[in-house]
Amino acid sequence: MERAEIESKMRELLVEELGLDADAISMEARFEEDLEVDSLGVVELLMALEDNFGVQIPDEEAESIGTVGQAVDLVEQKLNG
Amino acid sequence: MNQRRVVVTGLGSVTSLGLDVETYWSNILAGKSGVSDIERIDVSDITAKIAAEIKDFDIEQYMSRRDARRLDRSSQYFWVATKQALEDADISYDEEDPDALRAGVLAGTGIGGVETLEEQVGVLNSQGPRRMSPFGIAKIISNMAGGVASIDFHLYGPNSTTVTACAASANAIGDAAAVIARGAADVMVAGGGEAAITRFAMAGFAQARALSTNNDDPQGASRPFDLNRDGFVMGEGAAVLILEEHERAVARGARIYAEVLGYGMSADGYHITLPRPGGGGAARSMQAAMLDAGLEPSAIDYINAHGTSTPANDKTETAAIKTAFGEEVAYTVPISSTKSMTGHLLGAAGAIESLSCILAIRDGVIPPTINYETPDPECDLDYVPNVKREVPVRTAMTNSFGFGGHNVSLVFGKVD
């Protein structure tokens, strides 16, 4: 999957499944500080990533996700090795 | 102990008969039924296929989708009723407001987040634990309606939840009034929410043989005190009262709907679902409420009955009213069951029926018991059959009885 496609799918699931405000989403946006995603929301994010991209993300790896861009990085790395 | 007076200064409700108080009340006075075929769930294999279902509720008209998905439907109803009631009372707090520390919540619910529980158990069994929602537990627990109200409306005082089945929100109102009376808060959001039109709850109540199976005549199925009643009809929704210390309400020029005059409780101590034959337990809760109010039976102008339309409740409650009020007064006091129109809101019933008593006092009109056609020899009191009655109402009592044998009675009165 191309990075651009991952990014676009990421935006879509953040709005559709996490209910985030589309205008607030950028690759630099931080989940906790900028998007107000709390610890419960992070779990939901992981589930959404697993469902939408067909990847497995163990809790340890999830800790590396701070921004939307980092989530895209992780998915890209999982998908494309 | 020096008790402070407690008055009602705001009302809110969400029911099948309207998503606000005045729509609800005009439909109730018109004798309209909120019962229809259930659409939300598959009832093809459940014996009871009708309910007073709220069809036109869209939570996203009140909050963002992101906030809404953290709340079970029962809490969503309670949240909207709370918002309406606070606005009606012209009360709002910001985070820094010292008055917010003196404002609290008492919420009642029968089975809380049962819809979420079913959904998440389904996910657990079909897809495994790692696919369960992280919000699942928070949505299910019965205290979350009150918890979220404290967060969103900045209510930082006493906060608790009553879970006495179908008496839950009557307990919440009585307990909230007691909190204010003893000085622990000045304002309390008090009421309840319920959303039990789910496969588990419908099938479970059907298996307890509690539900009407008069599926061919949805609007005629809830027929309290009628000889041909065959069970209760499930309802859903929420109602909230704003209770306020009397002097504070007067000082700020609040509109005062009524005063909370009396609160009585008793336990049947008899059976998990059936009322004690003869209604001795229910009679004691009515007597306790009148004693608390300092009123003789003849001073009660209206009783909003528990009146579920089950064979057992309605004859037992009739007997209980005769015991509590004495034969002479029992035959003269107007009694009605608004469950004939709203269905049974379970844990939210006490709150919506308290609201109905308060509006009966405000407007001098008693709502009817609809579908009353065939008298039952064991139910021979004045049930205000089918048509509202315009008559001054200075005091009104409401009864709520819950599985487990919980009996609660509240008395409200006019404030001159």
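# Briefing on a predicted two-chain model

Just after α1(B), B:Gly31 takes a positive phi of about 75 degrees; helices (H or I, at least four residues) and strands (E, at least two) are DSSP runs, numbered from the N terminus. This is a predicted model, in which local features need pLDDT of at least 70 and side-chain atom pairs count only at pLDDT 80 or more, while totals for chains, interfaces and linings use all residues. Residues are numbered from 1 along each chain as its sequence is written, and chains are lettered from A and ligands numbered from 1 in the order in which they are written.

**Chain B as a whole**

- Chain B has 14 helices and 15 strands.
- The radius of gyration of chain B, taken over C-alpha atoms, is 20 Å, close to the 22 Å that the globule rule gives for 416 residues, so chain B is as compact as a globular protein of that length. The globule rule is 2.2 Å times the number of residues to the power 0.38.
- The C-alpha trace of chain B spans about 65 × 55 × 40 Å along its principal axes.
- Of the 416 residues of chain B, 58% count as buried. A residue is buried if 20 or more other C-beta atoms lie within 10 Å of its own, exposed if 12 or fewer, and partly exposed in between, with C-beta atoms placed from the backbone.
- Among contacts in chain B between residues at least 6 apart in sequence, 80% join residues at least 24 apart. Two residues are in contact if their C-beta atoms, placed from the backbone, lie within 7 Å.

**The two domains of chain B**

- Chain B is divided into domain 1 (7-251) and domain 2 (263-413), with bounds that come from an automatic or database domain assignment.
- The C-alpha centres of domain 1 of chain B and domain 2 of chain B lie 21 Å apart.
- The contact takes 59 residues from domain 1 of chain B and 56 residues from domain 2 of chain B.
- Elements that each supply at least two residues of the domain 1 side include β1 (6-14), α1 (21-29), α7 (168-181) and β8 (237-245) of chain B. The largest share of that side, eight residues, comes from α7(B).
- By class, the side of domain 1 of chain B that touches domain 2 of chain B has 30 nonpolar, 23 polar and six charged residues. Ala, Val, Leu, Ile, Met, Phe, Trp, Tyr, Cys and Pro count as nonpolar, Asp, Glu, Lys and Arg as charged, and the others, Gly among them, as polar.

**Helix α1 of chain B**

- The buried residues of α1(B) are B:Val21, B:Tyr24, B:Trp25, B:Ile28 and B:Leu29. They cover an arc of only 125 degrees around the axis, which puts them on the same side of α1(B); the arc is that of the directions from the helix axis to the C-beta atoms.
- An α-helix has 3.6 residues a turn, so residues three or four places apart point the same way.
- Exposed residues B:Glu22 and B:Ser26 are carried by the face of α1(B) turned away from its buried side.
- The elements against which the buried residues of α1(B) pack are β1, α3 (73-88), α13 (339-342), α14 (349-363) and β12 (365-366) of chain B.

**Strand β1 of chain B**

- Nine of the nine residues of β1(B) are buried, so this strand is largely enclosed by the rest of the structure.
- β1(B) and β8(B) pair in the antiparallel sense over eight bridges, where two strands pair if DSSP finds at least two bridges between them. The bridge partner of B:Ser13 in β8(B) is B:Ala239.
- β1(B) also pairs in the antiparallel sense with β9 (residues 258-267) of chain B, over two bridges. In β9(B), B:Ala258 stands opposite B:Val8.

**Loop residues with positive phi**

- Most residues other than glycine have a negative phi, and most peptide bonds are trans.
- B:Arg209 is not a glycine, yet has a positive phi of about 60 degrees. B:Arg209 lies in the loop between α8 (199-207) and α9 (218-221) of chain B and counts as partly exposed, with 13 C-beta neighbours inside 10 Å.
- B:Ser309, likewise not a glycine, has a positive phi of about 85 degrees. B:Ser309 is found in the loop between β10 (302-304) and α12 (311-330) of chain B and is buried, with 28 other C-beta atoms within 10 Å.

**Chain A and its contact with chain B**

- The contact takes seven residues from chain B and seven residues from chain A. The chain B side has two nonpolar, one polar and four charged residues.
- A:Leu45, in helix α2 (residues 39-53) of chain A, is buried, with 25 other C-beta atoms within 10 Å.
- Leaving aside its neighbours within four places in sequence, A:Leu45 is in contact with A:Leu18 and A:Val37.
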